[in-house]
Amino acid sequence: MDPPPSKDGPDGSSIRPVSSLLAKFENLNKTGDAQNGPPPSPMTPAPKPERLRDPSPSIPREPPAVPKTRPKEKLDVSNVKPPPAPISPRPVHPPSLMVEPPHSPSPPKRGGLDIAVGERPHFLNTDSLVKPSSPATTPRQFKIPSRPHTPVLEPRRSPRLTPSQPPSPPPPRRSAELRRERENKAVPPPINRSEKPLIPSRASHLVDSSQALDLKNRFADKVSPFSSPPSSNGTPEEEDVPPMLPTRPRPQPEMLRRSQTFHMGFEPPPVHPTIANRRRDMDDLNGIARSPITPQITGEQRPALPARPLSIIEHARGANAPMAPPPRPPRPGAITYSQESGPASALPQKRVVSTPTTQQPPPPTRTGHGRSMTVDRTSTRIPSEFRTPATPISRVAEDRSAGGLIGGPSNGDASASLTTTLFPDPSSTNRSKPYITKGVHEIPTKYDSRVFDVCGELACTTGIYTRAWSVLDGGLLMSLAMGEGIRGTSVAFRPEADVGEEGKRVWIGNNFGELMEADIGTQSIINRKPNAHGRHEIIKIYRHFRELWTLDESGTLHVWGPDENGVPSLLNGPTSSFRVPKGHTFSMVVGNELWYATGNQIRVFLPTIEGKDQFQVLIRPLCQDGAGEVTSGTLLTTDADKVFFGHGDGKVSIYSRKDYSCLAVMNISLYKINTIAGVGHYMWAGYNTGRICVYDMGQTPWAVKKEWQAHDNPIVKLIADRSSFYKLDRYQVVSLGADNMLRTWDGLLQEDWLGSEMKRKDEEYCSFQKLKVLVLTWNAGASTPNSLRYSDSDASFFQNLLQDSGSPDILVFGFQELVDLEDKRATAKRFLKPKKKEGSDQERMSHQYRDWRDFLVRTLDDYMPGDLYHLLHTAPLVGLFTCIFVKADLRDRISNLSSAEVKRGLGGLHGNKGAIVVRFMVDDTSMCFINCHLAAGQSSAMQRHNDIAAILEAPIFPGERDQATRIDSYVGGGDGTLILDHEMCLINGDLNYRIDTMSRDTVVAAIKSGNLSKLLERDQLLVARRRNPGFKLRAFDEMPITFAPTYKYDVGTDNYDSSEKKRSPAWCDRLLYRGRDRIEQLDYVRHEVRVSDHRPVSGRFKFRVKRIDPKKRAMAWMECQQQWEDLRAKEADDEKLYYLTRMIGYDTATARRLVSERSSRRRDNRSPSRNKD
């Protein structure tokens, strides 16, 4: 008797050991045992549902009759007639089955229906058999293995389903029947059951292509009832059948490329699922799941194409359904994809043709991480593409030569060597805003808009409204409300058959997956495509010649090709559709390719209308470990072979379009790069700060050519309008900020070019003279001139300084702490006492400043008798004091004298920290002297950075209104309101920058040993200049320091601070200058004055000042205008050709003809004025 049902499996299947089952199989043919055995039980151990009950037995050794119908929704083969006399007293599953190992080909059975026992369902029902050509689906993901040479089902065989429970024992089979089959068929060598078949040895591997072709033709007339494609048009009529569990649809027959299966002999019993899972994992680790190429006897070199790419849209499951786990190893008898089936396998497969949405849904995409590199976010296993690839490097090289996939470049340690740590040079930055000279400069959108597009005269934004404006006059041309809860998420101007009609209609994608086409002229929606992307938000609309590509958040990419009218239309469905990974951060069209970024990884796809090319271009994604998330990208018309990507950590990566290698990674900012745009030779970048920077990439490191505050809020997007030159005869760049403002900028930077060219020609219309300048900075520590009398060396300090200066033309004395800032009572009195009314300097100046001013005047009279100096200006500020003297013959050449103060103490309310700024012009050269005292403290470096930034960026002077004077006497596009607008700037003062990461004793020891270089490497100011691109003093130069730190000494001694605080020595007292090759520093020395805890520092300079000849300047200006017009015409022709060939799609000859015709109409009206746009 059989054991009670409780010892069987939960579904009634036997869980006896395999050895006992095999013994029963061998005794099946013994008549005596069958007769003497107990009669079979007529009842099953437990009642089953109607659809799961065992069928009635059929005649032994006869093939089961396949029903004429089968439901679409079922791939389960569970209805086969059982053998007549099972040995077991309890009913077994009726069909004649063959025990097969998971990695061996199954032997063909004469007339029998072979079921893969190892993974067959736990019930068989003849009613569930379906017609051969009907598709099937299942809620359980049917796992398609991706190992090569997977055996194909014998005709009329049933595919096996993935087991969810332990397998049932195989049905009995008579040994005589097996012997007859062995005598008629070739038997392979016996299989050692003790060995673990991790690496299968398939008979099909040893069959040449001609034999495979012969077998394929032999079985051509026998089609498996479960191998019909889901979209087959030849599906027979279906009959009414009971509803079944859905299974996954079968793939297209023309897409099946698995090698043929040859069933030879009896195979081992099935393997337990846990063991099968382990083998599957081992196969994945060994690269078997990625379909490595197996050498062929024919000697043909096959491209290393793994599994089919995930290029077909997955409609069979819900959008939010989790992705299936990685595929299991291939099973005998299962129909799977392969690249090596049939004679066509010798040719490299470019790409599996994508299935349009109008066809029946294709099979669900496998998550075995094939070519499309889709990341299974629900799986904890590492995708095989992100492990060590099974394909060797030599194979990748062969793939390239064969026209297959191109392997991505190595992204290991090489990325570190490509990174440029130096930040762009800001010394020649222009700060003027490049306003467009024709049309309105800004357009308020008046609603929360984050997406826009521009085409010539028209700009269109979308959000809760979709609005279009004219950038010439700012007029509102269209306004459409999207509806409650609906917002536009993407917008693009539709291509037109005639380039002159461009810009009349726009496509709008919303957050519900709907596409709409709006006509700007009629302000109406003329076409719409509901559920074009299901219910997924459409995040991007790209233009590719006459096509539009739409992308949604789920990774569905539709290609909308032109219709019979030559334009894409929503009246028809998408021409082709593809699947890309989720997690989109940025993407753009590069030539015919789509460069698609998820995080910091970049993948390259090749969408086409026909769907004949390989969709996935690279095997591995492009990735630089040192770069952050990709946020933006652009191309340069002047360097078409490079692709530029902006990253969230302020880096820009540069890739080659030829071999997809990373050429460089540039550090350009500490802020997130929101958007970049290539404009001519330069790159424009928009930041969260609302600033736009223009970078000149002609040098390494790059140079910051221009920087200005474009918006009050973060920059959302920058668009360089390629059509503007052709349509408006100007190059416009449009920016959208989070302040909901559209602003239009001059992409050619005309004013910048003219100013730079005039300065380059200044030798032609200017005469120059060198002036000698002496600058002294000293933190006097509340000392007075009388304090110098107590020491001979101190008393002779100013005498020696002046006599060794070489009779300078300009003397600048900058003092700090002329009053005791440690005196809390005096400080409170100065802070709370109301200011005196305006009066003379003598009335407003306290006695400390007057004493020092009078002392300096007497000293010049006593020790510089041969030269007559005039006191040009004095300015005090709570301890700060600036005193400037000039020679008498220079006084009449000075004009535009003014001074200002910037308070930084107590949040800008108190002048104990801050700066005194004095500016004037000598002839036609502007000069600015800054005496500053920054925040103190070892750990206050950031506060000092903020202090100097506030000082340099404060608009403290009246602006110059004359445009010619701005160009001639100021730099950086400034008007003189800022310090950095002046041609020559010199900063002196107690900057308070310290030495980091070193103890006081270590610093003192290094000073005594003369190892100053060790200390300078950790100087906060020098470190910030190297590492902080936003540090404002990077625009200034400093002569190399060769003297010991000037702070902090015990007063009256040469000993560094020995007080209770024991402050570490530092170079607090500095001199820095900015002159663009017009300033030369002769020396940089400290002086031994012991009356203060600081040592004074002085420097001698030569300033090269100019005087302009008005007539020569006018001639130079005319020459610059003519050069600008010529340069602009050439730039216009290049941009027009780029627009017509790269954007519209005309050939070069047609594009040149159109440009010539359009230029001829404008040539007579072109003005030579430099203001001409």
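Isoleucine 654 is in contact with Lys642, Val643, Phe644, Ser661, Cys662, Leu663, Ala664, Met666 and Trp702, leaving aside its neighbours within four places in sequence. Contact here means heavy atoms within 4.5 Å. Isoleucine 654 sits in strand S21. At 8% relative accessibility, isoleucine 654 counts as buried. Buried means under 20% relative accessible area, exposed over 50%, and partly exposed in between, with a 1.4 Å probe and protein chains only. One of its contacts, alanine 664, is ten residues away along the chain, with the C-alpha atoms separated by 5.3 Å.

The model is predicted: local features need pLDDT of at least 70, side-chain atom pairs count only at pLDDT 80 or more, and totals for chains, interfaces and linings use all residues. Residues are numbered from 1 along each chain as its sequence is written, and side-chain values use heavy atoms, with hydrogens and water left out.

Now the chain as a whole. The protein chain has 23 helices and 40 strands. Helices (H or I, at least four residues) and strands (E, at least two) are DSSP runs, numbered from the N terminus. Of the 1173 residues, 56% count as buried. Among contacts with a separation of 6 or more, 69% are between residues 24 or more positions apart.

Back to the end of strand S21. Aspartate 659 is in the loop between strand S21 (651-656) and strand S22 (662-667). Its relative accessibility is 37%, so aspartate 659 counts as partly exposed. Aspartate 641 lies 18 residues from aspartate 659 in sequence and 9.9 Å away in space, C-alpha to C-alpha.

Next come backbone details. Most residues other than glycine have a negative phi, and most peptide bonds are trans. Phenylalanine 545 is not a glycine, yet has a positive phi of about 55 degrees. Phenylalanine 545 lies in the loop between strand S11 (538-544) and strand S12 (547-552). With 26% relative accessibility, phenylalanine 545 counts as partly exposed. Asparagine 896 also has a positive phi of about 55 degrees, although it is not a glycine. The setting of asparagine 896 is strand S34 (residues 894-905). Asparagine 896 has a relative accessible area of 32% and is partly exposed.

Two peptide bonds deserve a look. Threonine 700 and proline 701 are joined by a cis bond, with omega near 0 degrees. Proline 701 is in the loop between strand S25 (691-696) and strand S26 (703-709). The bond between tyrosine 1047 and lysine 1048 is cis, with omega about -5 degrees. Lysine 1048 is in the loop between helix H21 (1020-1027) and strand S38 (1069-1074).

Turn to helix packing. Two packed helices are described by the angle between their axes and the distance between the axes. Helix H9 (residues 750-760) packs against helix H22 (residues 1110-1144) at an angle of about 135 degrees, with the axes 10 Å apart. That angle makes H9 oblique to H22. Axes are lines fitted to C-alpha atoms, for helices over the stretch in contact, and angles run from 0 to 180 degrees between N-to-C directions. Angles under 35 degrees count as roughly parallel, over 145 as roughly antiparallel, 65 to 115 as roughly perpendicular and the rest as oblique.

Which residues of H9 and H22 make the contact? From H9 come Gln750, Trp753, Leu754, Glu757 and Met758. From H22 come Arg1113, Ala1116, Trp1117, Cys1120, Gln1121, Gln1123, Trp1124 and Leu1127.

Helix H22 also holds arginine 1142. Arginine 1142 is partly exposed, with a relative accessible area of 46%. Leaving aside neighbours within four places in sequence, arginine 1142 is in contact with Phe545, Ala640 and Leu1137. Phenylalanine 545 is the residue with the positive phi described above. Valine 590 is 552 residues from arginine 1142 along the chain, and their C-alpha atoms are separated by 10.0 Å.

Leucine 890 lies in helix H16 (residues 888-891). Leucine 890 is buried, with a relative accessible area of 2%. Beyond neighbours within four places in sequence, leucine 890 is in contact with Leu771, Asp809, Ile810 and Val922. Aspartate 809 is 81 residues from leucine 890 in sequence but 7.5 Å away in space, C-alpha to C-alpha.

Helix H17 has 13 residues (941-953) and should span 18 Å at 1.5 Å a residue; its end C-alpha atoms are 18 Å apart, which agrees. The expected span is 1.5 Å times one less than the number of residues. The buried residues of H17 are Ala941, Arg944, His945, Asp947, Ile948, Ala949, Ile951 and Leu952.
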